[in-house]
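Please keep the structure open while reading.

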Amino acid sequence: MPIEQLIPKLIADFQAGILPQSIQFIITVSPIVLCFLLGWIFWPLWVRYIRAKNFLSMKYAVLEIALPKDTFKSPLAMEVFLQALHNTSDGSTYSQFWKGETRPWYSLEVVSIEGRVKFFIWTEDRRKAGVINALYSQFPGIEVHEADDYSRSVHFDPETMKIWAAEFAFTKDDPYPIKTYVDYGLDKDPKEEFKVDPMLPMLEFLGNIGPNQQVWIQILIRAHKKEQPKPGHWFKKTDAWQDKAKKLVNEILIRDAKSKVSGEINPETGFAKLPTISKGEQVIVEALERSVTKLAFDAGIRGLYIGKKESFNTILGVGGILGSFKHFNTEHLNGFKPNGDRWHPQLGDPWKDYKDIRRNRYSADALAMYKRRSYFYAPHEGTPLVLNTEELATIYHFPGSVAATPTLQRIPSKKAEAPSNLPL
């Protein structure tokens, strides 16, 4: 059949048979496709709604911790306390998607209100007793009582006050640990006069905050769990944090192992070069291997500096917050830096913000998110850092008497227990 006759015939056959069948098939499957499409669109909205409803129905507590005059506990005690908060359960499927249950999270906070330095822990009211018991088990000399939420008393007024806020990110990949209390020798529990506590600069800075100024430092934590889909498996999960740490270690070791078979000859001995690891690489490998053996938390760290316009001191407040985290940084491992994509750090140049419009919006948003302790779930979902218990105990622990900050709240005298043979 000539081509000029074949093409019209094919078109006629398509219109007479294939096209109607295709239309009929599309009409038949369209309800199913529409259901999947609507589910894909509205399911995240439902999850967000049911979680918000659950969050609004819950009660929360702010626990204030008053320290004794003499504290001789090393940060290891705080590490043991944090292990008690490690709960990876998200609840049953029914609880998650019908009641809005989520993995529990906590907020570890150090604040300075006009120079008065205080420690707080924010938690759900139903988990309050567990937190208090865990604290007393490791720090029997402290006093813990429920306090009013100090953040609720601050309301942003751009006409009379200024706020600077930032969230912190890592300088390197998550698996690289920061400089911890073990590196400072505090795990050996030295005498007070020989302690080098990395939190002391932060406490001294907080103690120097003057009238009409406040500094809030917040560390939000949630138990870290395996959430990355495992390659080649439908339902199994893997821990991307641990996997990346193992990969980094293997890269160092395998690279050195290759030099063993490369045929390189040591000119001094005449023998083949053996694989070697530099002292710096050895420190990295040991730190990575030690890090992944401990329980880990997802964490979000933010700092706020709040003050009246006439009292706002950028060098003292902003510089002090940033400087407080430098003592945990190392060049060969990890450290903290302000997240340039979050709030005020991205306003470094004056022409980036016309009439402080963005600055004021960021200030209001940061204050609202701090009050809500929102980081892992809507309305504010940040990118969590992964910190193990050793790292968290380094950046948040109760200092000993080596901390001479006069405005750090302490109990005047240690309370003694009542004798067991008192008359009835």
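The model discussed here is predicted.

By that cut-off helix 5 is mostly covered, with six of its eight residues buried. The buried residues are L200, M202, L203, F205, L206 and G207. What do the buried residues of helix 5 pack against? Their partners are strand 2 (105–113), strand 3, strand 6 (213–223) and helix 8.

## Salt bridges

Side chains of opposite charge can pair when their charged atoms come close. Across the whole structure, 21 salt bridges are found. One of them joins K118 to E64, with 3.9 Å between the closest N and O atoms. K118 belongs to strand 3 (residues 116–124) and E64 to strand 1 (residues 60–68), so this pair ties together parts that are 54 residues apart in sequence. K118 counts as partly exposed because its relative accessibility is 21%, whereas E64, at 8%, counts as buried.

A salt bridge also forms between K244 and D173, where the closest N and O atoms are 2.8 Å apart. This pair links distant parts of the chain: K244 sits in helix 6 and D173 in the loop between strand 5 (161–170) and helix 5 (200–207), 71 residues apart. K244 has a relative accessible area of 30% and is therefore partly exposed; D173, with 37%, is partly exposed.

D356 and R359 form a further salt bridge, and their closest N and O atoms are 3.9 Å apart. D356 has a relative accessible area of 38%, so D356 is partly exposed. R359 is partly exposed at 23% relative accessibility. Elsewhere, a network of salt bridges links D90, R103, R222, K225, E227 and D298.

## A positive surface patch

Which residues form a positive surface patch? They are K226, K230, K236 and K246. K246 counts as partly exposed because its relative accessibility is 48%.

## A buried charge without a salt bridge

E391 lies in helix 10 (residues 389–395). E391 is buried but has no salt bridge. How far away is the nearest side chain of opposite charge? That side chain belongs to R290 and is 8.3 Å away. A salt bridge requires a side-chain nitrogen of Lys or Arg within 4 Å of a carboxyl oxygen of Asp or Glu.

Setting aside neighbours within four places in sequence, E391 is in contact with Y176, P177, I178, T180, S291 and V386.

## A buried serine in a loop

S311 is placed in the loop between strand 9 (296–308) and helix 8 (314–324). Is S311 buried or exposed? The relative accessible area of S311 is 19%, so S311 is buried. Not counting residues up to four places away in sequence, S311 touches P211, N212, Q213 and Y305. Of the two elements that flank this loop, helix 8 is also among the partners of the buried residues of helix 5.

Definitions and conventions: Residues are numbered from 1 along each chain as its sequence is written. This is a predicted model: local features need pLDDT of at least 70, side-chain atom pairs count only at pLDDT 80 or more; totals for chains, interfaces and linings use all residues. Side-chain values use heavy atoms; hydrogens and water are left out. Patches are made of residues with over 30% relative accessible area and no salt bridge: like charges are joined within 9 Å, nonpolar side chains (Val, Leu, Ile, Met, Phe, Trp, Tyr) within 5 Å. Accessible areas come from the Shrake-Rupley method with a 1.4 Å probe; for residues, only the protein chains shown count as cover. Lys and Arg count as positive and Asp and Glu as negative; His and the chain ends are not counted. The place of a charge is taken as NZ of Lys, CZ of Arg, CG of Asp or CD of Glu. Buried means under 20% relative accessible area, exposed over 50%, partly exposed in between (1.4 Å probe, protein chains only). Helices (H or I, at least four residues) and strands (E, at least two) are DSSP runs, numbered from the N terminus. Contact means heavy atoms within 4.5 Å.
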